[in-house]
Amino acid sequence: MSRLSYDSVDVLIYDPVASNRTATRATLYALGFRRTETVSTLEAFIEAVQTNAPDIALCEAQGAADELCAAIQDMRQGGASHNPFIVIIVTAWEKSTGLINRVVSSGADDLLLRPFSTALLGQRIEAHIERRKGFVITTDYVGPDRRKGTGRPSNVELFEPPNSLKMKAKDRMSGEAIARKLDTELKAAREKLTSEKLRRDAFQICILWRLIQDAKR
């Protein structure tokens with residue numbers, strides 16, 4: 001396995017607590033990340049993602065978990081970012097069942113409990129480079145497939161999401177090559193997302209039409 005290089009990776013850190021932002025940035029610096037942006041509000045996070053999507057985002061859930069998860073879900077649906085498929089790691093101080101369910105349902109890639117070590121964060125990031133889960137598109141969810149290993153059968157088609165983090169950290173492609181590849185992959189992924197949304201809408205219309213017909217009878 002080739003050595004990973006993070007010096008050209010763009011990172012966005014969202015955390016309302018200044019000391020946490022500083023600590024996270026220092027941890028990332030120790031791992032080799034040199035291009036990090038920090039924001040203190042959810043509004044600033046959304047604006048940053050829309051303006052210049054990072055390769056990976058670390059987002060703190062404490063205090064506004066519902067709002068953050070709603071923003072991530074909207075992003076995955078293609079409504080808040082040019083690149084809905086960036087790697088997203090949610091951080092939190094308390095890991096409750098409710099929080100886990102909300103984060104999983106939002107489409108985030110990972111949930112990391114604070115305080116975390118440099119080694120643990122490095123392992124999680126490496127996993128999303130080397131073994132990122134395939135994405136699914138369902139009626140109300142776009143994100144990593146969580147059903148692997150559960151034994152539950154599924155006919156939902158998986159697709160490999162564009163991963164600019166991998167392109168930079170592992171493949172070490174040039175900026176121009178990354179731009180071309182990412183543009184091509186994003187176009188294909190967005191077409192798949194749009195096609196699935198149309199299919200879902202058509203299915204819902206058919207259901208409503210049948211209910212109307214049954215009511216008339």
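Trainee: In which strand is the place of Thr36?
Mentor: This is a predicted model, where local features need pLDDT of at least 70, side-chain atom pairs count only at pLDDT 80 or more, and totals for chains, interfaces and linings use all residues. Residues are numbered from 1 along each chain as its sequence is written, and side-chain values use heavy atoms, with hydrogens and water left out. Helices (H or I, at least four residues) and strands (E, at least two) are DSSP runs, numbered from the N terminus. Thr36 falls within residues 35-39, which form strand E2.

Trainee: Is Thr36 buried or exposed?
Mentor: Look at the relative accessible area. Buried means under 20%, exposed over 50%, and partly exposed in between (1.4 Å probe, protein chains only). Thr36 has 15%, so Thr36 is buried.

Trainee: With which side chain does the side chain of Thr36 make a polar contact?
Mentor: Contact means heavy atoms within 4.5 Å. Leaving out residues up to four places away in sequence, Thr36 touches Val11, Arg25 and Leu28. A polar contact is a pair of N or O atoms within 3.5 Å; within protein, one must be able to donate a hydrogen and the other to accept it, and residues adjacent in sequence count only if both atoms are side-chain atoms. At 2.8 Å, the partner side chain is that of Arg25.

Trainee: How many disulfides are there?
Mentor: A disulfide is a pair of cysteine sulfur atoms within 2.5 Å. Take Cys59, which is buried at 0% relative accessibility. Its closest cysteine sulfur, in Cys69, is 9.5 Å away, so the gap is too far for a bond. The count of disulfides comes to zero.

Trainee: What is the relative accessible area of Cys206?
Mentor: Cys206 counts as partly exposed. The value behind that label is 42%.

Trainee: How far apart in space are Asp171 and Ser5, C-alpha to C-alpha?
Mentor: Asp171 sits in the loop between H6 and H7. Asp171 is partly exposed, at 36%, and touches Lys166 and Lys181 once neighbours within four places are set aside. Along the sequence, Asp171 and Ser5 are 166 residues apart. In space, their C-alpha atoms are separated by 9.2 Å.

Trainee: What is phi of Arg172 near?
Mentor: Arg172 is partly exposed, because its relative accessibility is 48%. Its phi is positive, in a residue other than glycine, and is near 55 degrees.

Trainee: How far apart in space are Gln123 and Arg190?
Mentor: Gln123 lies in helix H5, residues 118-130. Its relative accessibility is 51%, so Gln123 counts as exposed. Gln123 and Arg190 are 67 residues apart in sequence. C-alpha to C-alpha, the distance is 29 Å.

Trainee: What is omega near for the peptide bond from Arg114 to Pro115?
Mentor: Pro115 lies in the loop between strand E5 (110-113) and H5. The bond from Arg114 to Pro115 is cis, with omega near -10 degrees.

Trainee: What is the volume of the largest cavity?
Mentor: On a 1 Å grid over the protein atoms alone, a cavity is a set of points where a 1.4 Å probe fits but cannot get out; lining residues have an atom within 4 Å of a point. Grid points are joined across faces, edges and corners, and a volume is the space filled by probe spheres set on the points. The count comes to one cavity of 30 Å³ or more. The volume of the largest is about 30 Å³.

Trainee: How many charged residues does the lining of the largest cavity have?
Mentor: The lining includes Pro54, Asp55, Asn83, Phe85 and Arg132. Ala, Val, Leu, Ile, Met, Phe, Trp, Tyr, Cys and Pro count as nonpolar, Asp, Glu, Lys and Arg as charged, and the others, Gly among them, as polar. Six lining residues are nonpolar and three are polar. The number of charged ones is two.

How values were computed. On a 1 Å grid over the protein atoms alone, a cavity is a set of points where a 1.4 Å probe fits but cannot get out, and a pocket is an open set with protein on both sides within 12 Å along at least five of seven lines; lining residues have an atom within 4 Å of a point.
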